[in-house]
Amino acid sequence: MKADDPRVKWLDVPPMGLAEKLYLPLVTHGLTTTLRHLAAALAGKTVTVSYPEEEPQIDNPLIYRGVHRLNRDAEGRVKCVACFLCATACPAHCIDIVAAESPWPDREKYPASFVVDELRCIYCGMCEQACPVDAIELTSLYNLTGCSREEMVYDKEKLLSVYDATIDREPMRSADAGETA
Amino acid sequence: MNQAIVLEALIKTVIVIGGLATGAAYLVLLERKMAAWVQDRIGPNRAGIPLTDIRLGGLGQPLADGLKVLFKEDFTPAHVDRWLFTLAPVLILVAAFAAFAVIPFGSVLPVRSAATGTGAPVSLVIAPGVNVAVLYVFAVSSIAVYGVILGGWASNNKYSLLGGLRSSAQLIAYELPMGLGLLGIVVAAGSLNLEEIIVRQAAGGWYVLLQPLGFIVFVVAAFAEAARLPFDLPECEQELVGGYHTEYSGMRLLLFLLTEFLHMITAAALIVILFLGGWHLPGGLTGSTDEVGWFGALARVVVLVGKVFLVIVVFMLVRWSWPRFRYDQLMSLAWKVMLPLGMVNFLTVAVLEQVRWAWRLEGPYWTALLAAAAWGVCAIAVVLLAVAAPGVADNRGCRFTESEEQTG
Amino acid sequence: MGTVIVDGHEVEIRDGERLNGIEAAARAGIDIPHYCWHPGLSVVASCRMCLVETGRRDPATGEITMLDKLVPACQTPATDGTVFVTDSDKVVQARAMVEEDLLLRHPVDCPICDKAGECRLQDYFYQHGHTERRADIRPFTSRRRSLGDTVTLFVDRCVMCTRCVRFCREIAQSHELMVINRGAREEIDVFPGFPLGNPLAGNVVDLCPVGALGDRDFLYRQRVWFMQPHEHVCAGCATGCSIFIEEHQDRIHRVRPRENPHVNQWWMCDEGRHGWKHVCDARRLVEPRVRRGGVLVPVNWEAAIGDLDRALRASAQLAVVLSPQLTVEEAYLLVKYAQSVQPAATLLLGPVPMRGTDQTFAGGFTIRAEKCPNRQGVQHVLDGLADRQITWDQLLTQQARSRPYDAIWIAGGYPTDWNDADTAGRLRGTPLLVVQDLFPSPLADQAHWQLPATAFAERSGSFVNRGDRLQTFQWAVRPPRGALSEGQLYWRLLGRRGLYDARQVLAEVAEEIVCFCAALDPVPATGVNLKVQQLA
């Protein structure tokens, strides 16, 4: 939009009163705000979380977007049906799936390999929204670390182990979905 | 005899430089701590004694920072002017330290100086009794402009050059109000000697009370000279990615950063010495004459250093309180606000001093009356300037109608 | 000459043209949805998706009389005065009902269905179906059975359009597929012991408008929306079918036919459909090598091109063998290069692989016995540029007997084994043997210069098929790292600057060789017939 666009609404600068022109009230206002925070901080009221010693509190783990997990169905098999919709929705192209015919009689297609590059991921949660069977979910695990790039590429087993580690704390968003498979 | 003078000066030099370097390092820590507190954070609190878990609340941070900078690569980009690039930080640091030659860090010691042989006590200033101390400080601190502009020019980088140019313009512009703010004190004290000025205040009242307008002008100018917020245009990370020291790294960057803190200490020391009574404390704790015992001498050092420290804390608080000036606002503040105020202050002081001298109005009663007159003038001048509003300029994008374009 | 009115648009039809409602509407730019009708198959009008209102305009009075009931557009001939209405409420309602009915028994397992994204059922339900599904039916897993070695049937996804059945009966004429049961229990199936195995079987997968038939080669491999289709030409035989090569990130996933009435209509054979595997074979030659001290050592292209040029110029008698796998442009550039090295160089056509006999199906689709795409084109280039030609067998015989040539360049690029130890033995002893091929072979292993060739999907250029139709194409995938396409190599040997540009070379060919004059104008997607142009 250019400056001469008719949709631009032009506002005049509000005129300053004497108090504003004197600077003094605003100067004191600024200083008092600073001093108030200084005093509060010196009295111990800070928002800092001393991370390795203290764990941050995550208010709602169900909407937190941390490490992915691959959910299991009632029989403990991977719930994913390898439809590639998460890979399609992914804006960072961090999901790589190799689909194959499933080894189970009641399921048709399953992911032979399901890899999420956690370093490439931007944690937007679109995979979670795209999944028709609620198989991929973002957990509240935030402390994702590794010593190499390879280590941060999570394969199917690792993603399933995230499920095993978090399912007690964070239930699946919808337990009954996923009967297409 | 000469050896004694040299020895005495050397000892004091070592004390001052050592104290300043250490002080600046810990001021960095204080700055970060203050920033954290003002923002409801804790601040650096991890670095303590190396190889142990003892953290000392972060007191090891300056040491760790210094070591880190020492071990960093001191990189010289290929496109710079190597001589000037190396010269700039050295020049600016030397100038900053040199200013402290005449700035007292106490009063006197009750020891007869062997240097002069006159039996005078040892002065707590590297070069005692310099008649032109104020002029010297101004002259030396002006050299800082060279360091800044050399750094900006030698870096051969548009941001650095812009930072250097802004900085030189700013420093030159604020030299004038600073000088005018000071002129009243020179008139009132009748001396350019900083030790003498403190003694006069101890005897006849602090100049912050007697010359409020001069104090305002001088403090604002001192902030600008030290390039502290709200006047940190030479660096302004937001626009110039560090300004004149963008291309510097490692040890040479450290020299620039150290110099900034030295400038702040200089400015704070000058404010304290010129306006806040130096080592003097009302109530008789520090006395007001050269006759002083060991306790009094030490108390004076503590009071002076304490005052400087408090002023520095104010410097740091101001940084988090007010937004930065735009460049044109900075300039109009200097030329349209501070310069007139400084002139008014000088005239007021001259007239009041002439009145005091002509009618021999001595004593606390008259002093209070004259101070009241000065405060009155100060209030009137400030209000008048606010109404005239010369500092307000609006350079936002304008909308031209077609007719205006045709005519204009 | 006649006029058909579709939704108020007047469509002209020529005398003798036999169009149905769908084709007439398509001329007016109106798409009538359909499942069972296919232009290459007979009309059964069983899916009821193309139901429209129809009527006649009285030529004398101009008065229009409409039929009360809806008729299938595919079965209604468009003649002078026929009126079709495709957007009335009645038609819209009928389409919605058909969609609802089809989905009542559909598993709706789109997430795991390979057709999703190019499925008619999805598209038509989105365009013509109800906005919501009234029946409360949960998705389920489709039953699945194998119809043959290459095709899998997902029974419950089928909409019983019977296109596959008709194809097997009318085009392949092998009659494997049939409909079993009746009514709601209708299913596609094969007789026990007679699996779907005709050479055109893969076409039923393309024909299937929904995801009921899946090619086992492609099943579950990739979702269709990830793939990029490239217009190309099949190099499997001398028919030169127009095809789409569908790739994702330089990996071919699927090849399917591209409609071309002059070459392959809508079809292609299974051999061509699955004939791209050699492109991603790990055994391919991917780097130029030169023989030093008896062994082949890799060299980089920069050095190789200069050294090779010097070595060839040092020879006294040069023979260049042009493979029928080369494009017209590449053959032309190679001939030009050989003649620039030695104006009297001997040029000849390489061996032409033959297998079986030509197999022609109903409707004229033919699988050729000549298993190379461009014998005709290379021959035309040789005829136009070379004074003296010998045959491949003559070369082998001469060289084995008296060794008249001290330098032989063999441009191969065959996807299959084409030479043996005997061939290699006859050429042994040639002072300078340059072999350019896709795979290691006895001949390539005894070369002094072993250069990598590129596969058809990696090249740009044009092929001339047995019917003298020239079709151009652009590369679909990039060659493996290290390999340089034939065109680029010859381009650089000729000292030309920049990148090899097939279109520019084709223009030169058309200028220089009369036979190719038809290619002077931009070649359309269906190609140009060189023979017709020559006669004209």
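Predicted model: local features only at pLDDT ≥ 70, side-chain atom pairs only at ≥ 80, totals over all residues.
Residues are numbered from 1 along each chain as its sequence is written, while chains are lettered from A and ligands numbered from 1 in the order in which they are written.

So, chain B. Its domain assignment gives domain 1 (1-71) and domain 2 (74-401); such bounds come from an automatic or database assignment. In chain B, 21 residues of domain 1 are in contact with 19 residues of domain 2, contact being C-beta atoms, placed from the backbone, within 7 Å. On the domain 1 side, α1 (2-38) and α2 (61-71) each supply at least two residues. The largest share, 18 residues, comes from α1(B). Helices here are DSSP runs (H or I, at least four residues), strands likewise (E, at least two), numbered from the N terminus. That side of domain 1 divides into 16 nonpolar, 2 polar and 3 charged residues. Nonpolar covers Ala, Val, Leu, Ile, Met, Phe, Trp, Tyr, Cys and Pro; charged covers Asp, Glu, Lys and Arg; the others, Gly among them, are polar.

Now over to chain C, which is divided into domain 1 (2-87), domain 2 (107-117 + 136-280) and domain 3 (289-535). Over C-alpha atoms, 34 Å separate the centres of domains 2 and 3 of chain C. There, 31 residues of domain 2 are in contact with 32 residues of domain 3. On the domain 2 side, β14(C) gives the largest share, 4 residues.

Key. Contact = placed C-beta atoms within 7 Å.
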